[in-house]
Amino acid sequence: MNTREEILESLETEDKTGIIPAINEVHRKNNEIDSKIGDTTLIEIPDVENLVEAVNKSFQLADDGKTAIANAVDAKHVSASPSDTFPTLANKIGQIKTAATVQTFNQDHISIMDHNECGFQFTPEISGQVAPIQAVTLIDPQNKEVLVMATRESQGPFILAKGDKIEESYISATGKWQITLQADSSVNLVQKDLLITVVY
């Protein structure tokens, strides 16, 4: 049977003067650990039972948040990835266009295709990515007349603007968008000084 001295010597505490001092030392060290960890009852992450789960879930929530931010930025025509750092994503958010771009094309860029139909080639880009055209307007500035004012919500690269809608798709051999505008059949575009505005 072990003696009292042998039992005290076998303790892994620094204080080996007695059982009570050793227990008090363990208690003090537990309190120090608790104070370093903090009050785990204050963890506000649902469905976790311990600190390790809370840390892991925090990383997962942060990762999910990055993915959601990257997808939202990408949808605004600024290339972004969930693997981007938060500072990189913040920089890309700053690149998002919040105002429409309006570009005007004069007679030098427009070709007459039929008496009431004209077209031009153009690819709208924002931050290096193709952007959806929101509206196209064909104007006769001399007579101050709007001949075609077409709008649309969906994106498609080759369009026919007719009346008040962007209706069909055309393909351009050059790789640029072929944008064709068709006025009412009673309108003769030949010899007119035309102007086209594109909103994207």
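Let's start at I196. Leaving out residues up to four places away in sequence, I196 touches Q103, T104, F105, I110, C118, F120, V136, T137, L138 and L181. Contact here means heavy atoms within 4.5 Å.

A word on the source. This is a predicted model, where local features need pLDDT of at least 70, side-chain atom pairs count only at pLDDT 80 or more, and totals for chains, interfaces and linings use all residues. Numbering runs from 1 along each chain as its sequence is written, and side-chain values use heavy atoms, with hydrogens and water left out.

Now the core. I196 is among the residues with the most contacts inside the largest nonpolar core, together with L138 and L181. That core has 23 residues. By nonpolar core I mean buried Ala, Val, Leu, Ile, Met, Phe, Trp, Tyr and Cys residues joined through side-chain atoms within 4.5 Å. Buried is under 20% relative accessible area, exposed is over 50%, and partly exposed is in between, with a 1.4 Å probe and protein chains only.

Which strands supply it? Strand 3 (117–121), strand 6 (135–140), strand 7 (145–151), strand 10 (178–182) and strand 11 (195–199) each give at least two residues. Strand 7 gives the most, with 3 residues. Strands are DSSP runs (E, at least two residues), numbered from the N terminus. Another core lies apart from this one; it has 5 residues, including A70, V73, A80 and L89.

Next, the aromatics. The structure holds 3 aromatic pairs. Rings of Phe, Tyr and Trp (its six-membered ring) pair if their centres lie within 6.5 Å; planes under 30 degrees apart are stacked, over 60 edge-to-face, the rest tilted. F105 and F120 have ring centres 4.7 Å apart and planes at 35°, so that pair is tilted. F105 sits in strand 1 (residues 102–105) and F120 in strand 3, so the pair ties together parts 15 residues apart in sequence. Both F105 and F120 are buried. F120 also pairs with F122, stacked, at 6.5 Å centre to centre and 25° between the planes. F122 is buried too, like F120. Ring pairs link F105, F120 and F122 into a cluster.

Last, strand 3. Is it enclosed or open? Of its 5 residues, 4 are buried, so strand 3 is largely enclosed by the rest of the structure. Strand 2 (residues 111–114) runs antiparallel to strand 3, joined by 3 bridges. The two strands form a hairpin with 2 residues between them. D114 has E117 of strand 3 as its bridge partner. Strand 10 also pairs with strand 3, antiparallel, over 5 bridges. Pairing takes at least two DSSP bridges. There, G119 stands opposite T180 of strand 10.
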